[in-house]
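Please look over the model shown below before reading on.

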Amino acid sequence: MAGRSARVASEQMAERQDDSGSLPPPRPLDVIDQDILRMLQADGRASIRSVAERVHVSRANAYARINRLVEDGVIRGFGARVNHERAGQGTSAYITLKIVQNSWRTVREELRQLPGASHIALVGGDFDVLLLVHVSDNRALRELVLTRLQAIPQVLSTRTLLVFEEEDLEPQG
């Protein structure tokens, strides 16, 4: 999927992310689709040829299946797994936010603009939003929380949970 095909798929996904209502209803995934997903999660740069060989289908079939998974919104993108510490983002934290009722869409747009924001989730429970950030150091984290987050009018309160160690889980295969 390297090269031009990956670029085209990424451009198509970016266009669809703006209008998630245009996605078709979910279809069941068969064993071959699931194998393709596991392969691409482990190596997003895998070639169509290697995918086809590993799942025992033709290259045309593998290409069509990957395109369908992209078009259906199952595959949201292709990217690199980053070692944040080695990339100069040695401080990670989960930040919980309580927000004004019915302000999720506005808050989400503000959070997307934050430097180092890695994951945003609307959740149920004692808080409303869970935000994962990766920043250079504690000073940058302090700036992000005290200056940027708490300046958002819809944010009522925050709580910062410093991450001491983290590990991305590899796909089960």
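This is a predicted model: local features need pLDDT of at least 70, side-chain atom pairs count only at pLDDT 80 or more; totals for chains, interfaces and linings use all residues.

Q: How many helices and strands does the protein chain have, and in what order do the elements run?
A: Helices (H or I, at least four residues) and strands (E, at least two) are DSSP runs numbered from the N terminus. The protein chain has 6 helices and 4 strands, and from the N terminus the order is α-α-α-α-β-α-β-β-α-β.

Q: At what angle do helices H2 and H4 pack?
A: Axes are lines fitted to C-alpha atoms, for helices over the stretch in contact, and angles run from 0 to 180 degrees between N-to-C directions. Helix H2 (residues 31-42) and helix H4 (residues 59-71) pack at about 80 degrees, with axes 11 Å apart. H2 and H4 are therefore roughly perpendicular (under 35 degrees counts as roughly parallel, over 145 as roughly antiparallel, 65 to 115 as roughly perpendicular and the rest as oblique). Contact (heavy atoms within 4.5 Å) involves residues including Ile 36 and Leu 40 of H2 and Ile 66 and Leu 69 of H4.

Q: How do the axes of H3 and H4 cross?
A: The axes of helix H3 (residues 48-55) and H4 come within 8 Å and cross at roughly 105 degrees. H3 and H4 are therefore also roughly perpendicular to each other. Among the residues making this contact are Val 51 and Ala 52 of H3 and Ala 62 and Tyr 63 of H4.

Q: Which residues of helix H5 are buried?
A: Buried means under 20% relative accessible area, exposed over 50% and partly exposed in between (1.4 Å probe, protein chains only). In H5 (residues 104-112), Trp 104, Val 107 and Leu 111 are buried. They lie on the same side of H5, because they cover an arc of only 70 degrees around the axis, taken from the directions from the helix axis to the C-beta atoms. The buried residues of H5 pack against strands S1 (91-99), S2 (117-122) and S3.

Q: Is His 134 buried or exposed?
A: His 134 is buried, with a relative accessible area of 3%, and is placed in strand S3 (residues 129-135). Leaving aside neighbours within four places in sequence, His 134 is in contact with residues including His 84, Gly 116 and Glu 166.

Note on methods:
Residues are numbered from 1 along each chain as its sequence is written. Side-chain values use heavy atoms; hydrogens and water are left out.
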